[in-house]
Amino acid sequence: MKYTSAEANKLLKKLNDEYTALLNREERSKEFHAAMGEEVNSVRPEYNYEETQKALADLENKIRKIKHAINTFNTTQIVEGFDMTVDEMLVYIPQLTKKKAKLAEMSSKLPKSRVEEHYGRQSNIIDYIYINYDLDKVAEDFNKVTDELSKAQIALDVLNNSATFEFDF
């Protein structure tokens with residue numbers, strides 16, 4: 001069956017949720033407590049070891065196949081306009097995000113600012129912090145990085161919602 005990357009990732013999340021829920025049900029039902037004198041079978045939870053292991057193995061197999069298909073797609077599919085694979089874009093976008101945050105912090109500085117505290121105590125000495133860079137250049141770079149980040153995210157979103165690949169389980 002054909003899936004987009006977005007669809008495959010949603011299916012993967014669903015299967016991981018089912019797997020976790022089954023593990024939780026198994027954990028709650030594989031052992032149980034009964035009080036002395038209590039009829040054990042009346043408090044015994046429903047649990048079938050073999051069926052549960054088969055269901056877990058089936059889910060593990062499906063998860064493996066989907067993850068492999070997604071990984072193969074990510075390492076082979078080129079993102080239009082970037083000459084990078086999806087896998088590279090998944091590294092590039094966080095790099096741009098980090099750079100954007102740094103530039104946002106730098107661009108919010110004043111050229112000269114007074115230090116309010118000196119090692120945790122008040123002092124009669126007034127200290128100033130001066131920036132050692134061009135605020136206009138930082139603002140220009142911030143805008144460029146913001147635009148590049150948006151362009152990269154949109155290109156990746158378009159690809160993840162349009163290009164398809166096949167896998168069966």
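Q: How do the axes of H1 and helix H3 lie to each other, in approach and in angle?
A: The model is a predicted one. In it, the axes of H1 and H3 (residues 49–76) come within 10 Å. They cross at roughly 155 degrees.

Q: What makes H1 roughly antiparallel to H3?
A: The angle does. The crossing is at roughly 155 degrees. Angles over 145 degrees count as roughly antiparallel. So H1 is roughly antiparallel to H3.

Q: Which hand does the crossing of H1 and H3 have, and which residue classes make up the contact?
A: H1 and H3 cross in a left-handed sense. Their contact has 14 nonpolar, 6 polar and 5 charged residues.

Q: Why is glutamate 27 called exposed?
A: Glutamate 27 sits in helix H1, which spans residues 5–29. Its relative accessibility is 52%. Exposed means over 50%. Glutamate 27 therefore counts as exposed.

Q: How far apart are glutamate 27 and glutamate 51, in sequence and in space?
A: They are 24 residues apart in sequence. C-alpha to C-alpha, the distance between glutamate 27 and glutamate 51 is 14 Å.

Q: Why is the pair of glutamate 27 and lysine 30 called a salt bridge?
A: The N to O distance between the two side chains is 3.2 Å. The cut-off is within 4 Å, for a side-chain nitrogen of Lys or Arg and a carboxyl oxygen of Asp or Glu. The pair of glutamate 27 and lysine 30 therefore qualifies as a salt bridge. The structure holds 8 salt bridges.

Q: Is lysine 30 exposed or partly exposed?
A: Lysine 30 has a relative accessible area of 42%. Exposed needs over 50%, and buried needs under 20%. Lysine 30 is therefore partly exposed.

Q: What makes lysine 62 and aspartate 58 a salt bridge?
A: Their closest N and O atoms are 3.5 Å apart. The limit is within 4 Å. So lysine 62 and aspartate 58 form a salt bridge.

Q: How do you know what separates lysine 62 and aspartate 58 along helix H3?
A: Count residues. Lysine 62 and aspartate 58 are 4 residues apart in helix H3, so about one helical turn separates them.

Q: Why is aspartate 58 called partly exposed?
A: Aspartate 58 belongs to helix H3. Its relative accessible area is 35%. Buried is under 20% and exposed over 50%. Aspartate 58 lies in between, so the label is partly exposed.

Q: How far is aspartate 58 from tyrosine 19, in sequence and in space?
A: In sequence, aspartate 58 and tyrosine 19 are 39 residues apart. In space, their C-alpha atoms are 9.6 Å apart.

Q: How do you know that lysine 144 and glutamate 140 form a salt bridge?
A: The N to O distance is 3.1 Å. Within 4 Å is the requirement. Lysine 144 and glutamate 140 therefore meet in a salt bridge. Both lie in helix H5 (residues 135–160), 4 residues apart, about one turn of the helix.

Q: Which residues are linked in a network of salt bridges?
A: Lys137, Glu140, Asp141 and Lys144 are linked in this way.

Q: Is glutamate 140 exposed or partly exposed?
A: The relative accessibility of glutamate 140 is 38%. The exposed class starts over 50% and the buried class ends under 20%. Glutamate 140 therefore counts as partly exposed.

Q: Why are H4 and H5 called roughly antiparallel?
A: The axes of helix H4 (residues 86–107) and H5 cross at roughly 150 degrees. Over 145 degrees counts as roughly antiparallel. H4 and H5 are therefore roughly antiparallel to each other. Their axes come within 9 Å. H4 passes H5 in a left-handed crossing. By class, this contact has 17 nonpolar, 4 polar and 4 charged residues.

Q: What makes H3 and H4 roughly perpendicular?
A: Their axes cross at roughly 80 degrees. The range for roughly perpendicular is 65 to 115 degrees. H3 and H4 are therefore roughly perpendicular to each other. Their axes come within 5 Å.

Q: Which residues meet where H3 contacts H4?
A: From H3 come Phe73, Asn74 and Thr75. From H4 come Val86, Asp87 and Leu90. The classes are 3 nonpolar, 2 polar and 1 charged.

Q: Why is aspartate 83 called exposed?
A: Aspartate 83 has a relative accessible area of 69%. Exposed is over 50%. Aspartate 83 is therefore exposed. Aspartate 83 is in the loop between strand S2 (78–79) and strand S3 (84–85). Its phi is positive, about 50 degrees, although aspartate 83 is not a glycine.

Conventions
Residues are numbered from 1 along each chain as its sequence is written. This is a predicted model: local features need pLDDT of at least 70, side-chain atom pairs count only at pLDDT 80 or more; totals for chains, interfaces and linings use all residues. Side-chain values use heavy atoms; hydrogens and water are left out. Helices (H or I, at least four residues) and strands (E, at least two) are DSSP runs, numbered from the N terminus. Buried means under 20% relative accessible area, exposed over 50%, partly exposed in between (1.4 Å probe, protein chains only). Axes are lines fitted to C-alpha atoms, for helices over the stretch in contact, and angles run from 0 to 180 degrees between N-to-C directions. Angles under 35 degrees count as roughly parallel, over 145 as roughly antiparallel, 65 to 115 as roughly perpendicular and the rest as oblique. A crossing is left-handed if the near helix is turned anticlockwise from the far one by less than a right angle, and right-handed if clockwise. Ala, Val, Leu, Ile, Met, Phe, Trp, Tyr, Cys and Pro count as nonpolar, Asp, Glu, Lys and Arg as charged, and the others, Gly among them, as polar. Contact means heavy atoms within 4.5 Å.
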